Amino acid sequence: MAGSATGTAGQVAEMSTLAQAAFSTYWLAFFILAMLIIPVLLPSKVASLVAPSRKGSALGATAAIGNAFLVVLNPVFGAASDAACARKPFIGGGGLLLAAAVMTLYLADTYLLFTTAFSVTCIALAVSIPAYNAAVPEIAPPHQAGQLGAWLSAASTVGGLAGSLAVLFAANKFSDFLMCATSAGLVGLSALVAFSSFSESPGA
């Protein structure tokens, strides 16, 4: 499925429409994940693990810790991706770690384990998202930049809409397991699809 490669003159070859769509699936899955996990699972799961009088502060602490990891580690892993001259290992590895972390959110039976799993979820995002964003101008030639950007924009819009509609019409019918399994399956599969959608030269 790989749809781009570096030409003999250092120019990026054209990326097929299929490859562009495949690359954008990770963005689609990310926005579905965000809509299902953040507004639905996070507050309900925290409320089930702590005393009612602590659920507000516990939720805030979990979110703050996870976001602190994102703030600190986004530039770290972005720089690591640059230093490695590689995006694919970070996208694939981070996506699979994200899938595992999301399933651990469901399995967590203590507040400490749940907060740890959410922190790992944020770490996985810090591993994959900077490399994913950095790959965009590298895998398609300039005359296709708008096409690839359109695919990514559409993926974020459709993902956000799909997640919102799921929350609106079916949130009360979703079990924690179904939300986590769906999100984990989507991000894990889409990370592998995005990984396979483009080529890169090691050390380029």
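**Entry 1: Ser-156 and its surroundings**

I began with Ser-156, which is in contact (heavy atoms within 4.5 Å) with Trp-27 and Phe-31, once its neighbours within four places in sequence are left aside. The model is a predicted one, where local features need pLDDT of at least 70, side-chain atom pairs count only at pLDDT 80 or more, and totals for chains, interfaces and linings use all residues. Residues are numbered from 1 along each chain as its sequence is written, and side-chain values use heavy atoms, with hydrogens and water left out.

I found Ser-156 in helix H5 (residues 145-170); helices here are DSSP runs of H or I with at least four residues, numbered from the N terminus. Is Ser-156 buried or exposed? Its relative accessible area is 18%, so Ser-156 is buried (under 20%; exposed is over 50%, partly exposed in between, with a 1.4 Å probe and protein chains only). I also noted that a polar atom of its side chain lies 2.8 Å from the backbone oxygen of Ser-153.

Next I followed helix H1, which covers residues 17-49 and has 33 residues. From first C-alpha to last it reaches 46 Å, close to the 48 Å expected (1.5 Å times one less than the number of residues). H1 bends by about 40 degrees at Leu-41, taken as the angle between axes fitted to the seven residues ending there and the seven starting there. A proline, Pro-43, follows within four residues.

**Entry 2: the core**

I then turned to the largest nonpolar core, which has 48 residues; such a core is a set of buried Ala, Val, Leu, Ile, Met, Phe, Trp, Tyr and Cys residues joined through side-chain atoms within 4.5 Å. Which helix gives the largest share? That is H4, with 14 residues. Leu-105 is among the members that touch the most others. Beyond four places in sequence, I saw Leu-105 touch residues including Leu-41, Phe-114 and Cys-180.

**Entry 3: the cysteines**

I looked for disulfides (pairs of cysteine sulfur atoms within 2.5 Å) and the count came to zero. For Cys-122, the nearest cysteine sulfur is that of Cys-180, 14 Å away. Cys-122 counts as buried because its relative accessibility is 4%, and Cys-180 counts as buried at 0%.

Cys-85 sits in the loop between H2 and H3. Its phi is positive, about 50 degrees, although Cys-85 is not a glycine. Most residues other than glycine have a negative phi. With a relative accessible area of 33%, Cys-85 is partly exposed.

Note on methods. Helix = DSSP H or I, 4+ residues; strand = E, 2+ residues; numbered from the N terminus. Polar contact = N/O pair within 3.5 Å; in protein donor to acceptor, adjacent residues only side chain to side chain.
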